[in-house]
Amino acid sequence: VMGRVIHFEIHVDNMERAKLFYGDVFGWTFEDWTAFTGTPYFGAITGDASEPGINGALMQRQSAPPEVNQGLNAFVCTMGTEDYDATEALILEHGGKAAMPKNALTGMAWQGYYFDTEGNLFGIHQPDLNAK
């Protein structure tokens with residue numbers, strides 16, 4: 001299908017640290033695809049193929065990392081969660097940092113943004129019709 005997002009890439013400084021972060025926080029698993037790219041590149045399996053969502057990859061960063069408070073020059077991925085507070089606790093416990101804390105999307109969901117161990121921004125989202 002034309003135009004549908006089918007893959008994402010997260011640029012990382014420390015591949016093992018990033019794999020641990022995303023594995024421990026979100027349960028992702030990884031496949032080594034370095035042979036295809038010639039640079040460290042690990043496919044990220046983000047969940048069961050029968051559920052909505054996409055897979056992606058962690059790749060070795062090729063330039064300077066993003067600066068804090070710098071305007072975005074990439075897409076931000078948001079991960080779904082059934083328990084916002086528990087996911088936030090895991091993020092912080094595993095070296096992530098809050099960028100924009102939990103806030104209500106009134107009548108829809110809880111949403112917030114965090115930095116991973118590599119300085120990349122991502123969101124988490126818990127549907128909740130009672131959010132306010």
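Colleague: How do you know that E1 and strand E4 (residues 56-60) pair?

Modeller: E1 and strand E4 are joined over five bridges, in the parallel sense. One example is valine 12, which stands opposite glutamine 60 in E4. The model is a predicted one, in which local features need pLDDT of at least 70 and side-chain atom pairs count only at pLDDT 80 or more, while totals for chains, interfaces and linings use all residues. Residues are numbered from 1 along each chain as its sequence is written, and side-chain values use heavy atoms, without hydrogens and water.

Colleague: What makes E1 and strand E2 (29-32) edge strands?

Modeller: The open sheet has four strands in the order E1-E4-E3-E2, with mixed pairing. E1 and E2 each have a single partner strand, so one side of each lacks a neighbour in the sheet. From one strand to the next, the twist averages 30°.

Colleague: How do you know that H1 lies across this sheet, and at what angle to E4?

Modeller: H1 lies across E1, E2, strand E3 (41-45) and E4; contact here means heavy atoms within 4.5 Å. H1 runs at about 155° to E4. Axes are lines fitted to C-alpha atoms, for helices over the stretch in contact, and angles run from 0 to 180 degrees between N-to-C directions.

Colleague: What makes the pairing in the sheet E5-E8-E7-E6 mixed?

Modeller: This is an open sheet of four strands. E5 and E8 pair in the parallel sense over three bridges, whereas E7 and E8 pair in the antiparallel sense over seven bridges. E6 and strand E7 (residues 109-115) are also antiparallel, over six bridges. In general, strands of a sheet pair through backbone hydrogen bonds, either parallel or antiparallel. H1 lies across E5 and E8 too, at about 5° to E8.

Colleague: Why is the contact of aspartate 13 and arginine 61 called a salt bridge?

Modeller: The term requires a side-chain nitrogen of Lys or Arg within 4 Å of a carboxyl oxygen of Asp or Glu. The N to O distance of this pair is 2.9 Å, so the pair qualifies. Aspartate 13 is in the loop between E1 and H1, and arginine 61 in the loop between E4 and E5, 48 residues apart. By this rule the count comes to four salt bridges.

Colleague: What makes the largest pocket a pocket, and which residues lie nearest its centre?

Modeller: On a 1 Å grid over the protein atoms alone, a pocket is an open set of points with protein on both sides within 12 Å along at least five of seven lines, whereas a cavity is a set where a 1.4 Å probe fits but cannot get out. Lining residues have an atom within 4 Å of a point. The largest pocket is lined by 50 residues, of which Phe8, Ile10, Val76, Cys77 and Thr78 lie nearest its centre.

Key: Pairing = 2+ DSSP bridges. Helix = DSSP H or I, 4+ residues; strand = E, 2+ residues; numbered from the N terminus.
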